[in-house]
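Here is a short note to read alongside the model. Please keep the 3D view open as you go through the points.

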Amino acid sequence: MVTCGNSSGFASGLTDLAANISEVTACGLSDLDVADVISVSFMQPTVVVFFFMALVVAAVVVTFHSKQPVHIKPGEKVLWHISGADYDLSSFVNKHPGGPIAIGLGRGIDCTRLFMTYHAPNGRAHAMLERYRVGSEQGTPLPKSEFHAALCEMVKTHFKGQGKFAHKATYLHLAFLTVCVMAMISSWWAWFSGLWFSLLTLPVSAWLVFTNGVHDASHFAMSSVAWVNHAMCFTALPLFLNPITWYSQHVVEHHCHCNEIGLDVDLHHFMPLRLHKLEDSAGSLGNLAKTMLTGMHLGIGVPLNALTGVLQNSLPDGFIHGCDIKLLYVFRESLSHYLSMWSSLLMAYFCLVMSFFVHDTLLKKVCFLVVPYVLASLLFMVFTQVSHIQEECQTDETLEKEDFFVRQARTSLDYSVDSKLWSILSGGLNMQSLHHSMPWVNSCHYTAIYPKFVEVCRQHGAQPPSVPNLASALHAGFNYIVKLNDPMTNSLKAN
């Protein structure tokens, strides 16, 4: 019988695998049963980790295997709509400094806010737009924001003399990320080896990679090299989310419509639980238990529905949040993106079911499947949602602000803003107002920039709400959710 016991180390795993392959060769496949073949092919932790990494690499490589096609179909143009005018930027896609995905996110939609967020007012990008305008519509001037202009000037002054890409990740931050990635890979190997400590180290290390790397990379703020940012996003699999649908859900829908009812998909994480005072429905607090399934939902459910529509058709008004998240044109225009989606989806599903193949007892199978996903989902939801689902972030005064960037700052709650430790643990999400105002600045700079940021906010009436620490933020957020969903006392909407 071919052996498949847990290896004590990476090198010993390779040695065991070689011995098993030799045994298969010597015995012949006819002398082995199906379980033997599976044990040789899949049960070795080393082989599983290699296969896991290979799927990630395949998903990234296939996305960038060729240049983006100019049009969806021969003769059909899908344009960029900015401030009432149409632009055909297809000839500029492969010249864009942020890469084809960064510019492609705005294709086929009204990307006015997206364009304004990532480009300084009166910069080169604004001047270049006119040469790509098509049609007779002149459009309207882009909304002016003195607050945004002051923020961009503040950042320019802060990084003066440090180089063109000083706002990206520093070498020290990249070194820290490398350590976190190695810790995550080691934790995956320990997980496949059946080591109990991996139930804690895996979600924690994966969270540190996600919040300090993936999040910034999805905003093109980690590296000046486009494929590096995109590759980093795939490390969010399988515990957190699929990067292809994340671009649409987070970068476009959430950041461009933060706390806007019907437009911000993050307000529907716990449907039918009410998370906004303008929302019609109210539900049981038991819906908060869905927090523990976020990783499975965003990593498997949402991308599967985006590709097939199966969940939206079967559960249109039920548990599934984000079923209306569609693949943007940039991810629909070529076969390479579909292959990338399916390969990453396969990897997430593969890791989900592997617990039942690599572990022995039923208790171990269940624990090694459930615990990492639950802990990772809790970390994700606590740090990403606590800053927006707050009463202070949904006041009439804030929601009625005409300046988009002022609303970005005031719909976010900050905490522990002077703590470098909490900045690392949250990936800068403890300073959400800064992140939403300037997502193109890497989070490793937030602690240094924040005092200057708050001063600019004060000068323009955009000072964000804040509390001393995460515990205070969680307490205030939970009380607000209870208030929103209390059928006896809830009169917020009427007022």
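1. Helices here are DSSP runs of H or I with at least four residues, numbered from the N terminus. With that in mind, find Met-292 in the loop between α11 (243–256) and α12. The model is predicted: local features need pLDDT of at least 70, side-chain atom pairs count only at pLDDT 80 or more, and totals for chains, interfaces and linings use all residues. Residues are numbered from 1 along each chain as its sequence is written, and side-chain values use heavy atoms, leaving out hydrogens and water.

2. Now look at helix α12 (residues 294–308) and helix α16 (residues 362–385): their axes (lines fitted to C-alpha atoms over the stretch in contact) come within 7 Å and cross at roughly 90 degrees. The two helices are therefore roughly perpendicular, a term for angles of 65 to 115 degrees, on a scale running from 0 to 180 degrees between N-to-C directions.

3. Which residues of α12 meet α16? They are Thr-294, Gly-295, Met-296 and Leu-298, and their partners in α16 are Tyr-373, Ser-377, Phe-380 and Met-381; contact means heavy atoms within 4.5 Å.

4. Two loops deserve a visit. Leu-237 and Pro-238 are joined by a cis peptide bond, with omega about 0 degrees, and Pro-238 sits in the loop between α10 (226–233) and α11. In the loop between α9 and α10 you will find Phe-220, whose phi is positive, near 60 degrees, although Phe-220 is not a glycine. Most residues other than glycine have a negative phi, and most peptide bonds are trans.

Notes
Angles under 35 degrees count as roughly parallel, over 145 as roughly antiparallel, 65 to 115 as roughly perpendicular and the rest as oblique.
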